[in-house]
Amino acid sequence: MKVERIQFERTGGFAGIRFAADFKPDDLPNEQSKELFDLLDDLDFDELPEQMLGEGAVADGFSYTVTVETNKWRHTVVTGESSAPEKMQELLQLLNRIARNQMRKQ
């Protein structure tokens, strides 16, 4: 399975600012794309529920939407800052770094 595209969006927070990235993993440095693929595999991303939004939403917390497209499937997961499991938190941190790097290049 080849990941062809990832869309990432963070919304909310104190200022309510939207922060997004849309990229092809092939365009990333090798080390970063390997880390990304490892996290997606560890999470079994395509098996995750579409909503991972626990009960205790944090005021001014972030919410995240992650869409992964492969040559066989497309899956979107929406989660909150406080409701994401540990491995998902690692993925969100990596996607935040990738999105920031993309913004700097524009």
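**Group meeting: a quick tour of one predicted chain**

Okay, let's start with burial: of the 106 residues in the protein chain, 37% are buried. Keep in mind that this is a predicted model.

So what's the overall layout? We've got 2 helices and 5 strands in the protein chain. Reading from the N terminus, the order is β-β-α-β-β-β-α.

Now the dimensions. For 106 residues, the compact-globule expectation is a radius of gyration near 13 Å, and the protein chain comes out at 13 Å, so the two agree. If you'd rather think in boxes, the C-alpha atoms fill roughly 35 × 35 × 20 Å along the principal axes. And on contacts: take the pairs at least 6 apart in sequence, and 67% of those contacts join residues at least 24 apart.

Number one is Glu4, over in strand β1, which covers residues 3–12. Is Glu4 buried, exposed or partly exposed? Its relative accessibility is 38%, so Glu4 counts as partly exposed. Setting aside residues up to four places away in sequence, Glu4 touches Lys24, Pro25, Glu69, Thr70 and Asn71. Look at Asn71 in particular: Glu4 and Asn71 are 67 residues apart along the chain, but their C-alpha atoms are separated by 6.8 Å.

Then there's Thr67, in strand β4, residues 62–70. Thr67 has a relative accessible area of 5%, and the cut-off for buried is under 20%, so Thr67 is buried. Which side chain does the Thr67 side chain make a polar contact with? That would be Thr76, at 2.8 Å. Leaving out neighbours within four places in sequence, the contacts of Thr67 are Arg5, Ile6 and Gln7, plus Arg74, His75 and Thr76.

Last one, Ser33. We're in a helix now: Ser33 belongs to α1, residues 30–43. With 9% relative accessibility, Ser33 also counts as buried. Beyond residues up to four places away in sequence, Ser33 touches Pro25 and Leu28.

Note on methods: Residues are numbered from 1 along each chain as its sequence is written. This is a predicted model: local features need pLDDT of at least 70, side-chain atom pairs count only at pLDDT 80 or more; totals for chains, interfaces and linings use all residues. Side-chain values use heavy atoms; hydrogens and water are left out. Helices (H or I, at least four residues) and strands (E, at least two) are DSSP runs, numbered from the N terminus. Buried means under 20% relative accessible area, exposed over 50%, partly exposed in between (1.4 Å probe, protein chains only). A polar contact is a pair of N or O atoms within 3.5 Å; within protein, one must be able to donate a hydrogen and the other to accept it, and residues adjacent in sequence count only if both atoms are side-chain atoms. Contact means heavy atoms within 4.5 Å. The radius of gyration is taken over C-alpha atoms; the globule rule is 2.2 Å times the number of residues to the power 0.38.
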